[in-house]
Amino acid sequence: MKYDDCSRRPPLSEAIYTPEDISASGDYKSGTVEEFNDIFFPSERDALTCMLLHCGHMLITRHDYRWSGLLRGNVKFTIWQYTLAGEGALELGKERYTIKPGQAMLLEVPEDHVYLLPESSPQWEFLYVSLYGPEPVRLQKEFRRRHGSICEFAPDSLVVKMAYELLRRSRSGEIFDCYSASAAAYEFILEMCASVGGHNRQDTKLLRRIHDYCLAHIQDRISVDELAELAGCTRWHFSRRFKELSGYSPHDYVLDLKMRKAVRLLQSTNAPVKEIAYSCGFDNPEYFSRVFYRIYHTFPREFRNGNARDIDWLGDFSEEGR
């Protein structure tokens, strides 16, 4: 089955790329398998909060293969790297782990980690997917907090199939703009969280429904009560379940989305701060400025006048940060 029309391509969950197809990316006998797809849209990428950055397939046979998470720049991104054959080694802080077939290591850059081909293994074959933006960083950080940095995925699991499908789409040019890259990244990270993190399909649909509703009403005052009504449960039950699934309280999640929109508008438009405050659902521009300062440690006008590069996109939306 082949999809030539990119506008009608199926979701990643209907993966059509198989493990057997991977041999097209290199010569196994010579140990030179290496496929690296750099998904880069520099003029558009910063406007979205979840982007596919890299995906690839490699067979490593040289023991000088070594990557440090502290020597790859300061831009935050995530790595999902899944062992197909052989073994790799991961040094994470003071601990050392062996990454065996069927296991994936989940990492963040920048971070104090090193992964390499150990002397004890003649080869290390793996798939990898890297995602950029505050959403995958947040989701994977919470996932690792709950489940650790090394997780097992069955070879026929949907997550692994989706990684193969990302390779096929990248190779064929079906990921052709920032929007298709963002959609693929969201689908991959959400399936990863659902597959091991205990989210069932209903949980994933709930998170997507709440997220889409908040974006559609970002200019309004969104209450926890109306989100609970949308979810079909009491405010107490919804707040507890949403925090378990997302790592955010509903109030913090809504505020997060509003402030991200404010940052994008300050960066990309000349609209007055007052208009930006109203478009993000703040009735009082002065209160908006105070909230902005509390999170980003600078006022909106100062941010627009030259402090944009110094902003930490994640900010501090936690209850403790207030």
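**Salt bridges and a sheet**

Reply: In this predicted model, Asp-212 and Arg-208 form a salt bridge, with their closest N and O atoms 3.2 Å apart.

Me: Where do Asp-212 and Arg-208 lie?

Reply: Both are in helix H4 (residues 201-216), four residues apart, which is about one turn of the helix. Asp-212 is partly exposed at 39% relative accessibility, and Arg-208 is partly exposed at 30%.

Me: How many salt bridges are there in the whole structure?

Reply: A search of the whole structure finds 13.

Me: Which residues does the pair with Glu-108 link, and where are they?

Reply: The side chain of Glu-108 meets that of Lys-141 in a salt bridge (3.2 Å, N to O). This pair links distant parts of the chain, since Glu-108 is in strand E7 (residues 103-109) and Lys-141 in helix H1 (residues 134-147), 33 residues apart.

Me: Is Glu-108 buried or exposed?

Reply: Glu-108 counts as buried, because its relative accessibility is 9% and the cut-off for buried is under 20%. Lys-141 is partly exposed, at 43%.

Me: Changing topic, what is the strand order in the open sheet?

Reply: Four strands form it in the order E3-E8-E5-E6, with antiparallel pairing. Strands E3 (66-68) and E6 (95-99) are the edges, each pairing on one side only. From one strand to the next, the twist averages 15°.

Me: How many bridges join E5 and E6?

Reply: Strand E5 (residues 88-92) pairs with E6 over five bridges, in the antiparallel sense. Ala-89 stands opposite Thr-98 in E6.

Key: Residues are numbered from 1 along each chain as its sequence is written. This is a predicted model: local features need pLDDT of at least 70, side-chain atom pairs count only at pLDDT 80 or more; totals for chains, interfaces and linings use all residues. Side-chain values use heavy atoms; hydrogens and water are left out. Two strands pair if DSSP finds at least two bridges between them. Helices (H or I, at least four residues) and strands (E, at least two) are DSSP runs, numbered from the N terminus. Axes are lines fitted to C-alpha atoms, for helices over the stretch in contact, and angles run from 0 to 180 degrees between N-to-C directions. A salt bridge is a side-chain nitrogen of Lys or Arg within 4 Å of a carboxyl oxygen of Asp or Glu. Buried means under 20% relative accessible area, exposed over 50%, partly exposed in between (1.4 Å probe, protein chains only).
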